[in-house]
Amino acid sequence: MHAATERLLTHFLESIEPAVPLVALWAHGSLAAGDYQEGRSDLDLIAVLDSPATMGDWRRIKAVHRRIRLPLAELLHCSYMSRQELDDLGAEHITWAHQQIYRRPVSAVTRRELHDGARVLYGPPPAGLLPPVSDEELIRYVRTDLRDFWLVKAQERRRWLQDVWVDLGMLTVARATVTLREGRLISKLEALDVLAGMGAPEPVVADVRARRYGTPRPVLSRFRRGRLARAFVRSAIRQALATA
């Protein structure tokens, strides 16, 4: 039981449910997969609204998130999907993440995670509302994400000096490789083990593991780490796209 996390989720539900016409609230990602690390993992949520969001809803959603002052609030991310748009993979939904509000689609990976085992915080489970994602849709999304986003970002040197890009880049290519090869999703913990089999640089894998799980950190400068991580991500993506 993660006391601070449960307190935040309860407070958030009690605050958001009266503010917008809520049908359901689900958690996905680490919180649902059993790999949640309090204070390190994001709290990834999906809210389903009864009708398309208005500008008034936008303002109320923003106000609710900004008023939360509990510990871990900065890690709480939530996308707001109307029930009328649940079957549209390309629809952009109001999203609060990283202390900002904007619109973005809810990806095929997130949708598959919800069907594989969402944590239901309010309302019915995803199976009764959210259309399933086909294997073809999942594979197409993963390939596109690797080619059009991650391979492009791996050409830029400066961002790989940041912890978040190293962590997410390394874990994403490992998870994507398994999805393309086997058609299934894996957790971040499983991805760290997969990286070893992919020939990932051991000091970088140890560095990522230390930040997420509190294990001893290797002696590694951020410049060398960034160079190693970026080179591995580029190579792993090209191999995954060539063989999938």
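Between domain 1 and domain 2, the rule picks out six residue pairs in polar contact, both residues being at pLDDT 80 or more. A polar contact here is a pair of N or O atoms within 3.5 Å; within protein, one must be able to donate a hydrogen and the other to accept it, and residues adjacent in sequence count only if both atoms are side-chain atoms. On the side of domain 1 that touches domain 2, helix H4 (residues 108-117) gives the most, with five residues. That side is made up of four nonpolar, four polar and five charged residues, where Ala, Val, Leu, Ile, Met, Phe, Trp, Tyr, Cys and Pro count as nonpolar, Asp, Glu, Lys and Arg as charged, and the others, Gly among them, as polar. Helices (H or I, at least four residues) and strands (E, at least two) are DSSP runs, numbered from the N terminus.

A word on the ground rules: this is a predicted model, in which local features need pLDDT of at least 70 and side-chain atom pairs count only at pLDDT 80 or more, while totals for chains, interfaces and linings use all residues. Residues are numbered from 1 along each chain as its sequence is written, and side-chain values use heavy atoms, with hydrogens and water left out.

## Layout and interface area

Domain 1 covers 3-132 and domain 2 covers 136-243, with bounds that come from an automatic or database domain assignment. Taken over C-alpha atoms, their centres lie 25 Å apart. In all, 13 residues of domain 1 are in contact with 14 residues of domain 2, contact meaning heavy atoms within 4.5 Å.

The two domains bury about 1,100 Å² between them, and carbon and sulfur atoms give 56% of this area. Buried area is the accessible area (1.4 Å probe) that two parts lose on being put together, summed over both.

## Salt bridges

The structure holds 17 salt bridges, each a side-chain nitrogen of Lys or Arg within 4 Å of a carboxyl oxygen of Asp or Glu. Two of them are found across the interface of domain 1 and domain 2. Asp 35 and Arg 212 pair in a salt bridge at 3.3 Å, N to O.

Arg 175 and Glu 113 form another salt bridge, with their closest N and O atoms 3.5 Å apart. This pair links distant parts of the chain, since Arg 175 is in helix H6 (residues 163-182) and Glu 113 is in helix H4, 62 residues apart. Glu 113 is buried at 17% relative accessible area, whereas Arg 175 is partly exposed at 23%; buried means under 20%, exposed over 50%, and partly exposed in between (1.4 Å probe, protein chains only).

## Around helix H8

Arg 211 and Asp 163 meet in a salt bridge of 3.7 Å, N to O. Arg 211 lies in helix H8 (residues 202-213) and Asp 163 in helix H6, so this pair ties together parts that are 48 residues apart in sequence. Arg 211 is buried, with 16% relative accessibility, while Asp 163 is partly exposed at 35%.

Arg 209 forms a salt bridge with Asp 193, the closest N and O atoms being 3.4 Å apart. Arg 209 sits in helix H8 and Asp 193 in helix H7 (residues 188-197), 16 residues apart. Through shared partners, salt bridges also join Asp 163, Asp 167, Asp 207, Arg 211, Arg 217 and Arg 225 into one network.

## The loop at Pro 216

Pro 216 lies in the loop between H8 and helix H9 (222-243) and is exposed, at 73% relative accessibility. Leaving aside neighbours within four places in sequence, Pro 216 is in contact with Ala 206 and Ala 210.
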